[in-house]
Amino acid sequence: MKKLALAAALVAAVGFSGAVNAADLTLRISLQLPLKSHLGQNLLMFKQEVEEKSNGDIEVQIYDSAQLYKDKEVPAAVGSGSIEMGVASLTRYVGDVPAVDIFYQPFVFDSEEKVRKAVAKGSPVRGPLDAAIAETGATVLWWQAYGGAIMLSKDAPLHGPEDMAGKKVRVFGKTLGDFTVAAGGAPTLVSGSEQYIAYQRGTVDIGMTGVSGVKSRQLWEVMDNITVTNHADIEFIVVVNTDFWNGLTDAQREIINNAALFAEADVRDRMSDIEAAAYAAAEEAGMNVYQPTEEEFAKWRAVSQPVYDAFLEDAGDLGKQVFEAAQKF
């Protein structure tokens, strides 16, 4: 009887495996964040939508927590076709498209209304950036909202650039590095998946991230204070290898594209609630959440001009184009 039971179990397992592998098309997606993060949950929504609408003919496999590639490796991996899809912080494309760092210009997108106008598909800011990213071999499927950039510290919140002077600061992009230098700090590029260890070991003194990342990565275990500067708008993009995308049937592209639009709208609409929940979780875990005064904001803004100047110099005509467009929002 035991042998029969074992055989039945093996048959069931093979049958299940066969059903999974029966898909005509497999999409592998690399994600640096944990699956429990809101970006991971957004990918699960996309997966469910695609597999349901395709009747299982398209399978979506999500490799979270940088199992396959770190954030900085995703653009090259997707562009070369090493993987079909990936999620990367928008700023990871700054090497090929310097203009993407328009979203990291200090305080340019300082309201949800401005952000929504800028990230709308085909907007005078996003449209040209999507087109430029396509030149790297990757097609943008959708943008994932990650909220405003905040600062993390251990002993006390930050009251202005003077508190950053001489400190090592975790950044995740060139422009945030320029902002750190302008404020007197020393920028250190640290991938999102390596943040926890960097704070724990004291590799950096101050952190920059989105508050939802504080929750998903439990950064309250290694940092004590959040300073709510919202000095940049953090965006992630989900990209697909262009050759792979162009090789799909019209029906396959339609299913995937519709699921992408659905996922994009959902995460954007829920961003405010996601951030509010993350702030509440951080406070419950013992973190101090500090809201700067208007005088302190004025000090942060006062050091930002060199950042704008460097961006306009480095980002060329496209940078100037999107910077001017952003000023009109």
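Predicted model: local features only at pLDDT ≥ 70, side-chain atom pairs only at ≥ 80, totals over all residues.
How much accessible surface does the protein chain have, and what percentage of it belongs to carbon and sulfur atoms? The accessible surface comes to about 14200 Å², and 53% of that belongs to carbon and sulfur atoms, where accessible areas are computed by the Shrake-Rupley method with a 1.4 Å probe and, for residues, only the protein chains shown count as cover.

Residues are numbered from 1 along each chain as its sequence is written, and side-chain values use heavy atoms, with hydrogens and water left out.

Let me start with the whole chain. The protein chain holds 13 helices and 10 strands; these are DSSP runs, numbered from the N terminus, with helices being H or I of at least four residues and strands being E of at least two. Its C-alpha atoms fill a box of roughly 75 × 50 × 30 Å along the principal axes. The radius of gyration of the protein chain is 21 Å, which agrees with the value near 20 Å that a compact globule of 329 residues would have; this radius is taken over C-alpha atoms, and the globule rule is 2.2 Å times the number of residues to the power 0.38.

Of the 329 residues, 52% are buried, meaning under 20% relative accessible area, whereas exposed means over 50% and partly exposed lies in between (1.4 Å probe, protein chains only). Among the contacts with a separation of 6 or more, 77% are between residues 24 or more positions apart, a contact being heavy atoms within 4.5 Å.

Is H231 buried or exposed? H231 is buried, because its relative accessible area is 1%. Its side chain reaches the backbone oxygen of A149 at 3.3 Å, and a polar contact of 2.7 Å joins it to the side chain of T229. A polar contact here is a pair of N or O atoms within 3.5 Å; within protein, one must be able to donate a hydrogen and the other to accept it, and residues adjacent in sequence count only if both atoms are side-chain atoms. Leaving aside residues up to four places away in sequence, H231 touches several others, including F107, M151, L176 and F179.

Two of those names, L176 and F179, bring us to helix α6 (residues 174-182), whose buried residues are T175, L176, G177, F179 and T180. These buried residues pack against β4 (138-153), β5 (168-171), β6, β7 (206-210), α11 (294-302) and α12 (305-314). After α6 comes G184, with a positive phi near 95°.

In strand β1 (residues 25-30) we find I29, which counts as buried because its relative accessibility is 0%. I29 and V240 are 211 residues apart in sequence, yet their C-alpha atoms are 8.7 Å apart in space.

S37 lies in the loop between β1 and α2 (38-53), is buried at 3% relative accessibility, and has a side chain that reaches the backbone oxygen of P34 at 2.6 Å.

Finally, E194 lies in the loop between β6 (186-189) and α7 (195-201), and it counts as partly exposed because its relative accessibility is 31%.
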